[in-house]
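Dear colleague,

I am passing on the structure we spoke about, and below it I have set out what was found in it. Please look through the model first and then read the notes alongside it.

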Amino acid sequence: MTDPVTITVRRKVRPGHEAAYEAWLKRLTEGASRDFPGYLGAEFHRPGPDGTYRSVFRFDSLANLEAFERSDFRAAMLAEGADLFAADAAWERMTGLEFWFDPPPGTKVPQPSPHRMALVLIAVVFTLVLALNLTLGSLMTGWPLALRVLATVCIQVGLMTYVIMPRLTPLIARFIYPNSKTL
């Protein structure tokens with residue numbers, strides 16, 4: 001089994017072309033979801049004060065991401081959008097847990113502290129596993145160990161990915177990125 005891959009794209013858009021860029025992004029993601037196996041979805045963040053859009057694309061494997069990157073569809077979409085872009089995009093490929101951690105606004109070339117990411121994940125995982133065991137443990141009495149662990153892990157990963165980490169990371173961004181430089 002391969003690990004999912006996350007690509008973060010930061011791109012400045014020509015002033016006045018924001019609506020056209022957002023429509024272009026919609027066409028890009030609709031085509032990716034329709035035509036490319038392993039495409040898991042995308043999320044988009046409108047620009048902050050620096051005018052940079054941030055897009056996060058997820059694929060189920062590096063091979064499927066690379067197939068998308070080499071595709072005629074992607075090349076055609078980039079050519080179509082070229083007039084909308086104010087500068088080349090900055091691409092970051094992530095294959096580990098670092099996609100849970102957003103850098104603080106204005107961070108240049110973010111390098112999250114692996115030690116601090118580990119501390120945060122230990123605290124979150126410990127708290128979540130303890131809470132899940134306290135709340136669900138009695139409901140799963142008599143279940144085989146592997147099934148109890150699988151259920152707990154599925155709930156935990158879902159909560160971390162979609163509920164906890166998206167809300168927690170903005171609050172702790174400066175801790176995760178201690179050496180960040182602001183623009």
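How many helices and how many strands does the secondary structure of the protein chain come to? The model is a predicted one, and in it the chain comes to five helices and four strands, which follow one another along the sequence in the pattern β-α-β-β-α-α-β-α-α. The protein chain has 183 residues, of which buried residues make up 33%. Among the contacts with a separation of 6 or more, 76% are accounted for by residues 24 or more positions apart.

I turn next to the nonpolar cores. The largest nonpolar core has 20 residues, and those that touch the most other members are Tyr 21, Trp 24, Leu 25, Leu 28, Phe 57, Phe 59 and Phe 68. Strand 1, helix 1, strand 3 and helix 2 are the elements that give two or more residues to this core, and the largest share, five residues, comes from helix 1. If residues up to four places away in sequence are left out of the count, Leu 28 touches Phe 57, Phe 68, Phe 73 and Met 77. Another core lies apart from the largest one and has 10 residues, including Met 117, Val 120, Met 160 and Met 165.

Then there is the question of empty space inside the model. Rolling a probe the size of a water molecule over the atoms shows where such space is left. The structure holds one cavity of 30 Å³ or more, and about 150 Å³ of space lies in the largest cavity. Its lining is made up of 17 residues, and Val 9, Leu 28, Phe 57, Arg 74 and Trp 91 are those that lie nearest the centre. Two or more lining residues are given by each of strand 1 (5-12), helix 1 (18-35), strand 3 (52-59), helix 2 (62-69) and helix 3 (72-81), with helix 1 giving the most, at four residues. Sorted by class, the lining of this cavity has 13 nonpolar residues, one polar residue and three charged residues.

An unreviewed UniProt entry gives "transmembrane region" for residues 118-139 and 145-165. In the model, residues 118-139 are 86% helix and 0% strand, and the end C-alpha atoms of that span lie 30 Å apart. Residues 145-165 are 100% helix and 0% strand, with 27 Å between the end C-alpha atoms.

Finally, here are two single residues to look at in the viewer. Val 120 lies in helix 4, residues 114-136, and counts as buried because its relative accessibility is 9%. Val 120 and Ile 176 are 56 residues apart along the chain, while their C-alpha atoms are separated by 8.4 Å. Ala 82, by contrast, lies in the loop between helix 3 and strand 4 (90-94). Ala 82 counts as partly exposed because its relative accessibility is 38%. From C-alpha to C-alpha, Ala 82 and Val 13 are 9.8 Å apart in space, although 69 residues separate them in sequence.

With best wishes

How values were computed
Residues numbered from 1 in each chain as written. Predicted model: local features only at pLDDT ≥ 70, side-chain atom pairs only at ≥ 80, totals over all residues. Heavy atoms only, no water. UniProt positions renumbered as here; feature names shortened; annotations may be inferred. 1 Å grid on protein atoms, 1.4 Å probe; cavity = no way out; pocket = protein on both sides within 12 Å on 5 of 7 lines; lining within 4 Å. Points joined across faces, edges and corners; volume = space filled by probe spheres on them. Nonpolar A, V, L, I, M, F, W, Y, C, P; charged D, E, K, R; others polar. Core = buried A, V, L, I, M, F, W, Y, C linked by side-chain atoms within 4.5 Å. Buried < 20%, exposed > 50% of the residue type's maximum accessible area, 1.4 Å probe, protein only. Contact = heavy atoms within 4.5 Å.
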